[in-house]
Amino acid sequence: MKAQRIVYDRNDEAFGIAVFDEKGLAEVDIYNENRAIEGNVYLGKIIKKINLANDKYGFLVDIGDGHEAFLNSYEPALKEANMSEGQSVVVQVAQEKRAEKGAKVVRNVQLVGTYLVYCPFKFDVEASRKIEDVEKAEKYIKSVKAKCIGQEGWILRTIAGEAEEAQVLAEMDVLRAYYEDIRKKARTLSAPALLYAKENPLIEYVRRYKDSLNEVVVDTPKLAEEVSAVFDGKVTTQKEGFEEYGVDDAIIDALERTVKLKSGGNLQIEETRACVAIDVDSGSKHNVGDIDSLNIEAAKEIARQIRLRNLAGKIIIDFAGSSEYRFMKNVIECLEEELADDACHSRVLGLSRAGNIEILRQRRRPSLRDLYTVECPTCSGTGRVEP
(Lines give C-alpha, C1' and ligand atoms only; values in the text may rest on other atoms or scores of the structure.)
Protein backbone atom coordinates (compact mmCIF):
# COMPACT_ATOMS: atom_id res chain seq x y z
CA MET A 1 0.00 0.00 0.00
CA LYS A 2 1.21 3.50 -0.85
CA ALA A 3 0.16 5.87 1.92
CA GLN A 4 0.00 9.58 1.14
CA ARG A 5 -0.93 11.16 4.48
CA ILE A 6 -0.86 10.15 8.14
CA VAL A 7 -2.98 12.04 10.68
CA TYR A 8 -2.35 11.87 14.43
CA ASP A 9 -4.98 13.08 16.90
CA ARG A 10 -5.04 12.94 20.70
CA ASN A 11 -8.07 13.05 22.99
CA ASP A 12 -7.36 12.86 26.74
CA GLU A 13 -5.62 9.50 27.44
CA ALA A 14 -6.33 8.09 23.96
CA PHE A 15 -4.78 8.91 20.61
CA GLY A 16 -5.54 7.83 17.07
CA ILE A 17 -3.52 7.32 13.90
CA ALA A 18 -5.21 7.46 10.50
CA VAL A 19 -3.51 6.52 7.22
CA PHE A 20 -4.80 7.82 3.89
CA ASP A 21 -4.00 6.62 0.38
CA GLU A 22 -5.28 7.88 -2.97
CA LYS A 23 -8.73 6.36 -2.28
CA GLY A 24 -9.20 7.82 1.19
CA LEU A 25 -8.93 6.34 4.69
CA ALA A 26 -6.96 3.08 4.45
CA GLU A 27 -5.99 2.32 8.06
CA VAL A 28 -7.00 3.66 11.45
CA ASP A 29 -5.84 2.66 14.92
CA ILE A 30 -6.78 3.89 18.38
CA TYR A 31 -4.48 3.55 21.38
CA ASN A 32 -5.46 3.97 25.02
CA GLU A 33 -2.46 4.71 27.23
CA ASN A 34 -4.23 3.18 30.24
CA ARG A 35 -4.45 -0.20 28.48
CA ALA A 36 -1.68 -2.65 27.71
CA ILE A 37 -0.26 -1.83 24.29
CA GLU A 38 1.31 -4.52 22.10
CA GLY A 39 5.08 -4.52 22.67
CA ASN A 40 5.02 -3.11 26.21
CA VAL A 41 6.88 -5.09 28.88
CA TYR A 42 5.45 -5.54 32.38
CA LEU A 43 6.34 -7.10 35.69
CA GLY A 44 3.19 -9.13 36.20
CA LYS A 45 1.80 -11.06 39.15
CA ILE A 46 0.34 -14.54 38.76
CA ILE A 47 -3.29 -14.48 39.88
CA LYS A 48 -4.45 -17.96 38.99
CA LYS A 49 -3.23 -21.16 37.36
CA ILE A 50 -5.73 -22.62 34.87
CA ASN A 51 -5.93 -26.00 33.17
CA LEU A 52 -6.02 -26.12 29.36
CA ALA A 53 -6.61 -28.89 26.83
CA ASN A 54 -4.13 -31.76 26.31
CA ASP A 55 -2.84 -31.57 29.90
CA LYS A 56 -1.44 -28.09 29.32
CA TYR A 57 -1.96 -25.13 31.58
CA GLY A 58 -1.68 -21.36 31.63
CA PHE A 59 -1.88 -18.42 33.99
CA LEU A 60 -3.98 -15.33 34.52
CA VAL A 61 -1.60 -12.43 35.11
CA ASP A 62 -2.19 -9.00 36.63
CA ILE A 63 -0.19 -6.45 34.63
CA GLY A 64 -1.84 -3.40 36.15
CA ASP A 65 -4.18 -2.35 33.32
CA GLY A 66 -7.36 -3.47 35.06
CA HIS A 67 -7.78 -6.67 33.03
CA GLU A 68 -6.43 -10.17 33.52
CA ALA A 69 -3.88 -11.11 30.86
CA PHE A 70 -3.31 -14.70 29.70
CA LEU A 71 0.10 -16.40 29.74
CA ASN A 72 0.62 -19.86 28.29
CA SER A 73 2.98 -22.04 30.32
CA TYR A 74 4.58 -23.33 27.11
CA GLU A 75 6.48 -21.17 24.63
CA PRO A 76 8.78 -22.45 21.85
CA ALA A 77 12.50 -22.43 22.80
CA LEU A 78 11.71 -21.67 26.47
CA LYS A 79 11.49 -24.01 29.42
CA GLU A 80 7.88 -24.62 30.42
CA ALA A 81 6.82 -22.21 33.14
CA ASN A 82 5.92 -23.69 36.50
CA MET A 83 4.73 -20.85 38.71
CA SER A 84 2.31 -20.37 41.56
CA GLU A 85 -0.15 -17.66 42.57
CA GLY A 86 1.49 -14.47 43.79
CA GLN A 87 4.72 -15.06 41.90
CA SER A 88 6.13 -12.25 39.73
CA VAL A 89 7.04 -12.71 36.06
CA VAL A 90 8.39 -10.45 33.31
CA VAL A 91 6.03 -10.55 30.32
CA GLN A 92 5.48 -8.72 27.05
CA VAL A 93 2.12 -8.00 25.43
CA ALA A 94 1.81 -10.10 22.25
CA GLN A 95 -1.88 -9.39 21.60
CA GLU A 96 -3.86 -6.54 23.07
CA LYS A 97 -7.18 -6.89 24.85
CA ARG A 98 -10.05 -7.24 22.40
CA ALA A 99 -13.78 -7.48 23.00
CA GLU A 100 -14.23 -9.53 26.16
CA LYS A 101 -10.80 -11.21 26.01
CA GLY A 102 -7.85 -9.89 28.00
CA ALA A 103 -4.40 -9.33 26.56
CA LYS A 104 -2.16 -12.25 25.65
CA VAL A 105 1.34 -12.01 27.10
CA VAL A 106 4.55 -13.98 26.56
CA ARG A 107 7.81 -14.43 28.45
CA ASN A 108 9.85 -14.35 25.24
CA VAL A 109 10.61 -10.61 25.26
CA GLN A 110 11.61 -9.01 21.95
CA LEU A 111 12.58 -5.34 21.62
CA VAL A 112 11.90 -3.74 18.25
CA GLY A 113 14.24 -0.98 17.05
CA THR A 114 14.51 0.88 13.78
CA TYR A 115 16.81 -1.62 12.08
CA LEU A 116 16.91 -4.58 14.45
CA VAL A 117 14.81 -6.73 16.73
CA TYR A 118 16.63 -7.81 19.88
CA CYS A 119 15.72 -11.33 21.03
CA PRO A 120 17.42 -12.14 24.36
CA PHE A 121 16.06 -15.71 24.34
CA LYS A 122 16.97 -16.45 20.73
CA PHE A 123 20.44 -17.70 19.83
CA ASP A 124 20.75 -16.84 16.16
CA VAL A 125 20.98 -13.89 13.77
CA GLU A 126 18.71 -13.70 10.75
CA ALA A 127 17.47 -11.14 8.25
CA SER A 128 14.08 -10.23 6.82
CA ARG A 129 13.42 -11.97 3.52
CA LYS A 130 12.19 -8.64 2.16
CA ILE A 131 15.73 -7.21 2.08
CA GLU A 132 16.38 -7.16 -1.66
CA ASP A 133 20.18 -6.89 -1.47
CA VAL A 134 21.00 -10.45 -0.38
CA GLU A 135 24.76 -9.86 -0.26
CA LYS A 136 24.29 -6.82 1.97
CA ALA A 137 22.00 -8.78 4.29
CA GLU A 138 24.57 -11.58 4.60
CA LYS A 139 27.32 -9.05 5.31
CA TYR A 140 25.27 -7.39 8.04
CA ILE A 141 24.42 -10.77 9.57
CA LYS A 142 28.13 -11.55 9.89
CA SER A 143 28.83 -8.12 11.41
CA VAL A 144 26.01 -8.48 13.95
CA LYS A 145 27.19 -11.99 14.88
CA ALA A 146 30.70 -10.64 15.43
CA LYS A 147 29.32 -8.05 17.88
CA CYS A 148 27.10 -10.47 19.81
CA ILE A 149 27.75 -10.77 23.54
CA GLY A 150 27.28 -14.31 24.78
CA GLN A 151 24.08 -15.98 23.66
CA GLU A 152 21.61 -13.52 22.18
CA GLY A 153 19.51 -13.27 19.04
CA TRP A 154 18.92 -10.54 16.47
CA ILE A 155 16.66 -10.05 13.48
CA LEU A 156 17.57 -7.57 10.75
CA ARG A 157 14.43 -5.64 9.76
CA THR A 158 13.64 -4.81 6.13
CA ILE A 159 14.65 -1.18 6.56
CA ALA A 160 18.14 -2.31 7.65
CA GLY A 161 18.84 -2.95 3.97
CA GLU A 162 18.70 0.84 3.42
CA ALA A 163 20.90 1.75 6.39
CA GLU A 164 24.63 2.04 6.87
CA GLU A 165 26.33 -0.79 8.68
CA ALA A 166 27.45 1.57 11.48
CA GLN A 167 23.80 2.57 12.14
CA VAL A 168 22.76 -1.05 12.48
CA LEU A 169 25.60 -1.96 14.82
CA ALA A 170 25.07 1.16 16.95
CA GLU A 171 21.46 0.15 17.55
CA MET A 172 22.62 -3.10 19.12
CA ASP A 173 23.98 -1.13 22.07
CA VAL A 174 20.76 0.89 22.39
CA LEU A 175 18.49 -2.17 22.48
CA ARG A 176 20.79 -3.99 24.90
CA ALA A 177 20.61 -0.96 27.21
CA TYR A 178 16.79 -1.05 27.07
CA TYR A 179 16.78 -4.71 28.04
CA GLU A 180 19.25 -4.18 30.88
CA ASP A 181 17.01 -1.39 32.19
CA ILE A 182 14.06 -3.83 32.10
CA ARG A 183 16.04 -6.33 34.16
CA LYS A 184 17.05 -3.71 36.73
CA LYS A 185 13.47 -2.47 37.15
CA ALA A 186 12.20 -6.04 37.48
CA ARG A 187 14.54 -6.54 40.46
CA THR A 188 13.52 -3.35 42.24
CA LEU A 189 9.82 -2.72 41.45
CA SER A 190 6.79 -4.49 42.87
CA ALA A 191 4.35 -6.24 40.56
CA PRO A 192 2.33 -5.17 38.72
CA ALA A 193 4.53 -2.52 37.06
CA LEU A 194 5.35 -1.21 33.60
CA LEU A 195 8.98 -1.96 32.78
CA TYR A 196 9.19 -0.76 29.16
CA ALA A 197 6.87 1.22 26.90
CA LYS A 198 7.40 1.01 23.16
CA GLU A 199 7.94 4.25 21.26
CA ASN A 200 5.01 6.26 19.94
CA PRO A 201 3.35 4.00 17.32
CA LEU A 202 3.17 7.04 15.02
CA ILE A 203 6.92 6.82 14.44
CA GLU A 204 6.57 3.19 13.33
CA TYR A 205 3.80 4.15 10.89
CA VAL A 206 5.95 6.94 9.47
CA ARG A 207 8.92 4.61 8.99
CA ARG A 208 6.70 2.02 7.34
CA TYR A 209 5.24 4.37 4.73
CA LYS A 210 7.84 7.13 4.42
CA ASP A 211 8.78 6.19 0.83
CA SER A 212 5.31 7.18 -0.42
CA LEU A 213 4.23 9.71 2.23
CA ASN A 214 3.55 13.32 1.26
CA GLU A 215 2.48 14.67 4.65
CA VAL A 216 2.26 13.82 8.34
CA VAL A 217 -0.25 15.76 10.46
CA VAL A 218 0.35 15.96 14.23
CA ASP A 219 -1.16 17.98 17.06
CA THR A 220 1.87 19.48 18.85
CA PRO A 221 5.15 21.14 17.80
CA LYS A 222 7.07 18.71 20.03
CA LEU A 223 5.67 15.69 18.20
CA ALA A 224 6.36 17.45 14.90
CA GLU A 225 10.05 17.58 15.87
CA GLU A 226 10.08 13.85 16.64
CA VAL A 227 8.50 13.03 13.28
CA SER A 228 10.89 15.35 11.42
CA ALA A 229 13.80 13.36 12.84
CA VAL A 230 12.72 10.31 10.82
CA PHE A 231 10.78 11.93 7.94
CA ASP A 232 12.07 14.53 5.47
CA GLY A 233 8.68 15.43 4.00
CA LYS A 234 5.98 17.88 5.03
CA VAL A 235 4.99 17.84 8.72
CA THR A 236 1.90 19.88 9.64
CA THR A 237 0.64 20.84 13.10
CA GLN A 238 -3.15 20.68 13.26
CA LYS A 239 -5.41 20.42 16.30
CA GLU A 240 -8.39 18.04 15.99
CA GLY A 241 -6.95 16.40 12.91
CA PHE A 242 -9.54 13.61 12.81
CA GLU A 243 -12.36 16.12 12.50
CA GLU A 244 -10.47 18.21 9.94
CA TYR A 245 -9.84 15.23 7.64
CA GLY A 246 -13.19 13.48 8.14
CA VAL A 247 -11.77 10.45 9.96
CA ASP A 248 -14.68 10.11 12.39
CA ASP A 249 -17.23 9.93 9.57
CA ALA A 250 -15.08 7.40 7.69
CA ILE A 251 -14.89 5.22 10.81
CA ILE A 252 -18.70 5.19 11.09
CA ASP A 253 -18.88 3.97 7.48
CA ALA A 254 -16.25 1.31 8.22
CA LEU A 255 -18.39 -0.12 11.03
CA GLU A 256 -21.22 -0.91 8.62
CA ARG A 257 -21.68 -4.55 7.62
CA THR A 258 -22.37 -3.74 3.98
CA VAL A 259 -19.76 -2.32 1.60
CA LYS A 260 -21.02 -1.28 -1.82
CA LEU A 261 -18.91 -2.02 -4.90
CA LYS A 262 -18.72 0.32 -7.88
CA SER A 263 -19.85 -2.46 -10.22
CA GLY A 264 -23.19 -2.74 -8.40
CA GLY A 265 -22.48 -5.70 -6.13
CA ASN A 266 -21.63 -5.49 -2.44
CA LEU A 267 -19.74 -7.15 0.40
CA GLN A 268 -21.39 -8.42 3.58
CA ILE A 269 -18.85 -8.54 6.43
CA GLU A 270 -19.68 -10.42 9.64
CA GLU A 271 -17.24 -10.61 12.56
CA THR A 272 -17.83 -13.53 14.92
CA ARG A 273 -15.81 -14.93 17.80
CA ALA A 274 -14.65 -17.86 15.68
CA CYS A 275 -13.90 -16.14 12.37
CA VAL A 276 -14.69 -13.32 9.98
CA ALA A 277 -17.16 -14.24 7.25
CA ILE A 278 -17.33 -12.20 4.03
CA ASP A 279 -19.97 -12.76 1.35
CA VAL A 280 -19.68 -11.26 -2.13
CA ASP A 281 -23.13 -10.44 -3.51
CA SER A 282 -23.19 -10.08 -7.30
CA GLY A 283 -26.39 -8.04 -7.34
CA SER A 284 -27.78 -8.04 -10.88
CA LYS A 285 -24.59 -9.52 -12.44
CA HIS A 286 -25.13 -13.01 -13.82
CA ASN A 287 -22.90 -13.78 -16.83
CA VAL A 288 -19.43 -15.22 -16.37
CA GLY A 289 -17.49 -12.18 -17.61
CA ASP A 290 -19.30 -9.79 -15.28
CA ILE A 291 -18.89 -12.16 -12.33
CA ASP A 292 -15.15 -12.52 -12.94
CA SER A 293 -14.57 -8.77 -13.04
CA LEU A 294 -16.79 -8.26 -9.97
CA ASN A 295 -14.82 -10.85 -7.99
CA ILE A 296 -11.53 -9.13 -8.85
CA GLU A 297 -12.98 -5.80 -7.73
CA ALA A 298 -14.28 -7.48 -4.59
CA ALA A 299 -10.87 -9.04 -3.85
CA LYS A 300 -9.19 -5.63 -3.97
CA GLU A 301 -11.85 -4.09 -1.75
CA ILE A 302 -11.67 -7.01 0.70
CA ALA A 303 -7.91 -6.50 1.10
CA ARG A 304 -8.61 -2.83 1.75
CA GLN A 305 -11.34 -3.60 4.31
CA ILE A 306 -9.08 -6.11 6.09
CA ARG A 307 -6.55 -3.33 6.70
CA LEU A 308 -9.11 -0.63 7.47
CA ARG A 309 -11.12 -2.73 9.94
CA ASN A 310 -8.02 -4.59 11.18
CA LEU A 311 -9.72 -7.95 10.62
CA ALA A 312 -7.62 -10.85 11.88
CA GLY A 313 -7.59 -14.55 12.64
CA LYS A 314 -9.44 -16.83 10.20
CA ILE A 315 -11.16 -14.94 7.37
CA ILE A 316 -13.53 -16.95 5.15
CA ILE A 317 -14.71 -15.44 1.85
CA ASP A 318 -17.58 -16.68 -0.31
CA PHE A 319 -17.11 -15.10 -3.74
CA ALA A 320 -19.86 -14.83 -6.33
CA GLY A 321 -20.45 -17.42 -9.06
CA SER A 322 -18.75 -20.77 -9.45
CA SER A 323 -16.25 -21.87 -6.80
CA GLU A 324 -14.19 -24.01 -9.18
CA TYR A 325 -10.45 -23.34 -8.99
CA ARG A 326 -10.19 -22.30 -12.65
CA PHE A 327 -12.54 -19.40 -11.91
CA MET A 328 -10.95 -18.56 -8.54
CA LYS A 329 -7.25 -18.72 -9.55
CA ASN A 330 -7.05 -15.06 -10.60
CA VAL A 331 -8.98 -13.99 -7.50
CA ILE A 332 -6.56 -15.85 -5.21
CA GLU A 333 -3.58 -14.27 -6.97
CA CYS A 334 -5.19 -10.82 -6.66
CA LEU A 335 -5.66 -11.28 -2.90
CA GLU A 336 -2.06 -12.44 -2.50
CA GLU A 337 -0.78 -9.40 -4.39
CA GLU A 338 -2.95 -6.91 -2.47
CA LEU A 339 -1.90 -8.35 0.92
CA ALA A 340 1.77 -8.89 0.08
CA ASP A 341 2.96 -5.79 1.96
CA ASP A 342 0.54 -6.11 4.88
CA ALA A 343 2.26 -5.11 8.15
CA CYS A 344 0.28 -7.83 9.96
CA HIS A 345 1.38 -11.06 8.32
CA SER A 346 -1.40 -12.38 6.07
CA ARG A 347 -1.49 -15.77 4.38
CA VAL A 348 -3.96 -16.67 1.64
CA LEU A 349 -4.58 -20.39 2.18
CA GLY A 350 -6.36 -20.89 -1.12
CA LEU A 351 -9.64 -22.57 -1.97
CA SER A 352 -11.27 -24.81 0.64
CA ARG A 353 -13.20 -27.98 -0.20
CA ALA A 354 -16.37 -26.02 0.51
CA GLY A 355 -15.49 -23.56 -2.26
CA ASN A 356 -14.50 -20.63 -0.02
CA ILE A 357 -11.21 -18.74 -0.05
CA GLU A 358 -9.57 -18.65 3.36
CA ILE A 359 -7.06 -16.18 4.77
CA LEU A 360 -5.13 -16.29 8.05
CA ARG A 361 -4.03 -12.89 9.36
CA GLN A 362 -1.88 -12.23 12.41
CA ARG A 363 -3.81 -10.75 15.31
CA ARG A 364 -1.88 -8.01 17.10
CA ARG A 365 -4.41 -5.30 17.95
CA PRO A 366 -8.20 -5.15 18.39
CA SER A 367 -10.36 -4.76 15.31
CA LEU A 368 -12.06 -1.45 14.61
CA ARG A 369 -15.35 -2.98 15.75
CA ASP A 370 -13.83 -4.09 19.06
CA LEU A 371 -12.40 -0.61 19.64
CA TYR A 372 -15.63 1.27 18.97
CA THR A 373 -18.41 -1.07 20.11
CA VAL A 374 -19.32 -3.49 22.90
CA GLU A 375 -21.57 -6.52 22.98
CA CYS A 376 -25.25 -5.67 23.34
CA PRO A 377 -26.31 -6.64 26.91
CA THR A 378 -29.86 -7.39 25.76
CA CYS A 379 -29.10 -9.92 23.04
CA SER A 380 -25.92 -11.29 24.66
CA GLY A 381 -23.60 -10.54 21.80
CA THR A 382 -25.91 -11.15 18.82
CA GLY A 383 -25.68 -7.42 18.17
CA ARG A 384 -23.30 -4.67 19.21
CA VAL A 385 -23.87 -1.16 20.47
CA GLU A 386 -21.81 1.92 21.17
CA PRO A 387 -20.48 1.90 24.77
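## The loop at proline 192

Proline 192 sits in the loop between helix H2 (165–188) and strand S13 (193–196). A cis peptide bond joins alanine 191 to proline 192. Omega there is about 0°. The model is a predicted one.

## Two asparagines with positive phi

Asparagine 54 is not a glycine, yet its phi is positive, at about 60°. Its place is the loop between strand S4 (41–51) and strand S5 (57–62). The relative accessible area of asparagine 54 is 70%, so the residue is exposed.

Asparagine 310 also has a positive phi, near 55°. It is found in the loop between H7 and strand S19 (313–318). Is asparagine 310 buried or exposed? It is buried, because its relative accessible area is 11% and the limit for buried is under 20%.

## Helix H7 and its contacts

Helix H7 covers residues 288–309. Arginine 304 belongs to this helix. It forms a salt bridge with aspartate 21, and the closest N and O atoms are 2.7 Å apart. Aspartate 21 lies in strand S2 (residues 14–21), so the pair ties together parts that are 283 residues apart in sequence. Both arginine 304 and aspartate 21 are buried.

Isoleucine 291 is in helix H7 too. Its relative accessible area is 10%, so isoleucine 291 counts as buried. Proline 201 is 90 residues from isoleucine 291 along the chain, and their C-alpha atoms are separated by 40 Å.

## Other salt bridges

Side chains of opposite charge can pair when their charged atoms come close. The count here is 24 salt bridges. One of them links arginine 207 to glutamate 199, with the closest N and O atoms 2.6 Å apart. Arginine 207 is buried, at 16% relative accessible area. Glutamate 199 is partly exposed, at 35%.

Which residues are linked in a network of salt bridges? They are Lys147, Glu152, Asp173 and Arg176.

## A four-strand sheet

Four strands make up an open sheet, ordered S9-S10-S12-S11. The pairing is mixed. Strand S9 (111–112) and strand S11 (125–127) are the edge strands, and each pairs on one side only. S11 and strand S12 (residues 153–156) run parallel and are joined by three bridges. Alanine 127 stands opposite leucine 156 in S12.

Glutamate 126 forms a salt bridge with lysine 122. The closest N and O atoms of this pair are 3.0 Å apart. Glutamate 126 is partly exposed, at 32% relative accessibility. Lysine 122 is partly exposed as well, with a relative accessible area of 25%.

## A negative surface patch

Which residues gather in a patch of negative charge on the surface? They are Glu240, Glu243, Glu244, Asp248, Asp249, Asp253 and Glu256. Helix H5 (241–244) and helix H6 (247–254) each supply at least two of the patch residues. H6 gives the most, with three.

Aspartate 249 lies in helix H6. Its relative accessibility is 53%, so aspartate 249 counts as exposed; the cut-off for exposed is over 50%.

Technical notes. Residues numbered from 1 in each chain as written. Predicted model: local features only at pLDDT ≥ 70, side-chain atom pairs only at ≥ 80, totals over all residues. Heavy atoms only, no water. Patch = residues over 30% accessible without salt bridge, like charges linked within 9 Å, V, L, I, M, F, W, Y side chains within 5 Å. Areas by Shrake-Rupley, 256 points an atom, 1.4 Å probe, with all protein chains shown as cover. Salt bridge = Lys/Arg side-chain N within 4 Å of Asp/Glu carboxyl O. Lys, Arg positive; Asp, Glu negative; His and termini not counted. Charge placed at Lys NZ, Arg CZ, Asp CG, Glu CD. Buried < 20%, exposed > 50% of the residue type's maximum accessible area, 1.4 Å probe, protein only. Pairing = 2+ DSSP bridges.
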